[in-house]
Amino acid sequence: MRGARILLVVSGSVAAYKALELIRLLRAEGAEVQPLLTEAGARFVTEESLAALSGRRVLRDLWAAEAEIGHIRLARWADAVVVAPASADRLARMALGLVEDLAGCVLLATRAPILVAPAMNPAMWAHPATAAHVAALAARGVAFAGPEEGPMAEPESGLGRLMEPPRLVEAIRALLGGPGRLAGRHVLVTSGPTQEPIDPVRYIANRSSGRQGHAIAAALAEMGARVTLVSGPVAIPDPRGVTVVRVETARQMLAACLAALPAEAAVCCAAVADWRPAEEAAQKRKKIPGEAPPPLPLAPNPDILTTLAAHPDRPRLVVGFAAETENLLAHAAEKRARKGADWMVANDVSAGVMGGAENEVHLLTAAGVEHWPRMDKREVARRLAGRIAEALA
Ligand code: C5P
């Protein structure tokens, strides 16, 4: 985290005292921390404490800050914006994009990744209003850390505690990605559908847009990896800084993947057609008036994921995707075992995510199952890339 510039928004919650420890830990890692204290936050922690620990003047008032640095410059200064603790009120204001204070302005103006660490009474966290705000923010790519389960300030217990500062540091590390965390690593990614020709004009394909696979390739490249993206036909642009190998059929995709080895990790995100027409007609198949439709015999395609996972030059980390319309976790677990993948990213495609901008996934690893809330596919990609960097470290 050396040199990382973190803007820390401290909003109104009893847990605000933990922001002091968070600043200490982040600075010990070499990060610069600029505290921004909201009006409600100032009821719980003093400006003087934040200033002493951060070694910086604490920003509070919108108009004073405007005279000094301006919210746009501040928003651009930050490599990451962390809201810890985030109160129910702050989540609501963020979800609505309200800009009546400095925190609101900066949160709307920044292009840096945002991490929110909520802290509130369990009933407030569980309220549908809060849940809707969280869903809206997650859908825009805002990352969440916690809340955690445990005793609260009031004599009660539940889900609402601020994540402990050491774990928050890890979440911030993952958010920053840290350019170069994957430097020197080669990662192979498959993306998009395959097209399996019936004849020179027709093919079998599927609805995959390539968005998730391409976003993963982009996120890995942003972290410094050398990425080979083997993609079926898609209508989206090539990610920056990635070597793209374009293919049409599953067999071409397999050949391109094998040619790209060795790689430290492989992420098989492509929606590969399970079957192809057993024979590709050399000429367009003709419709003969009065005759029944012709049969279309199919042959199985090679499984690229299984082949990579069993290869003598196997990538150290093999990640598959399981798109299911029912029994999501059971099918994904079965696939993980059968295909020899280390991780499986499971998503419910009955929920209309195929071709869309968002995804809601479960990550299945040897350690168990994690549910990630619905979020932008780019955020899923960033998180997954962060996890891959951790696993390869
Ligand atoms: O069996 P299913 O197609 O559901 O498995 C999905 C996973 O397997 C994805 O990671 C997909 O990229 C991969 N796969 C593959 N080659 C195939 C079929 C699936 O790599 N022929």
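Modeller: With the naming of elements: strands are DSSP runs of E of at least two residues, numbered from the N terminus. V230, for instance, is placed in strand β11, residues 226-231. Keep in mind that this is a predicted model.

Biologist: Is V230 buried or exposed?

Modeller: Buried means under 20% relative accessible area. V230 has 0% relative accessibility and therefore counts as buried. Beyond its neighbours within four places in sequence, V230 contacts L188, V189, T190, S191, V245, V247, M253, A256 and C257. The C-alpha atom of V230 is 10.0 Å from that of A255, which is 25 residues away along the chain.

Biologist: In what order do the strands of the open sheet stand?

Modeller: The order is β2-β1-β3-β4-β5, five strands with parallel pairing. β2 (32-37) and β5 (143-144) are the edge strands; each has a single partner, so one side of each lacks a neighbour in the sheet. β1 and β2 are joined by six bridges, with I6 opposite V33 in β2. Two bridges link β4, residues 114-118, to β5, and L115 has A143 as its bridge partner there.

Biologist: What covers the sheet, and how many residues of β1 are buried?

Modeller: Five of the six residues of β1 are buried. Helix α9, residues 165-176, lies across β1, β3, β4 and β5, and runs at about 160° to β4.

Biologist: How should I read the salt bridges?

Modeller: Side chains of opposite charge can pair when their charged atoms come close. The whole structure has 23 salt bridges. In one of them, E379 meets R383 at 3.8 Å, N to O. Both lie in helix α14 (residues 377-392), four residues apart, about one turn of the helix. E379 is buried at 5% relative accessibility, whereas R383 is partly exposed at 22%.

Biologist: Which residues are joined into one network by shared partners?

Modeller: D89, R90, R93, E100 and D101. Within it, the closest N and O atoms of R93 and D89 are 2.7 Å apart. R93 and D89 are four residues apart in helix α5 (residues 88-96), so about one helical turn separates them. Another salt bridge joins R246 and D238 at 2.5 Å; R246 is exposed at 59% and D238 partly exposed at 38%.

Biologist: Which residues form the nonpolar patch on the surface?

Modeller: W275, L296 and L298, with about 310 Å² of accessible area together. L298 belongs to strand β15, residues 298-300, and is partly exposed, at 44% relative accessible area.

Key. Residues are numbered from 1 along each chain as its sequence is written. This is a predicted model: local features need pLDDT of at least 70, side-chain atom pairs count only at pLDDT 80 or more; totals for chains, interfaces and linings use all residues. Side-chain values use heavy atoms; hydrogens and water are left out. Two strands pair if DSSP finds at least two bridges between them. Contact means heavy atoms within 4.5 Å. Axes are lines fitted to C-alpha atoms, for helices over the stretch in contact, and angles run from 0 to 180 degrees between N-to-C directions. Patches are made of residues with over 30% relative accessible area and no salt bridge: like charges are joined within 9 Å, nonpolar side chains (Val, Leu, Ile, Met, Phe, Trp, Tyr) within 5 Å. Accessible areas come from the Shrake-Rupley method with a 1.4 Å probe; for residues, only the protein chains shown count as cover. A salt bridge is a side-chain nitrogen of Lys or Arg within 4 Å of a carboxyl oxygen of Asp or Glu. Buried means under 20% relative accessible area, exposed over 50%, partly exposed in between (1.4 Å probe, protein chains only).
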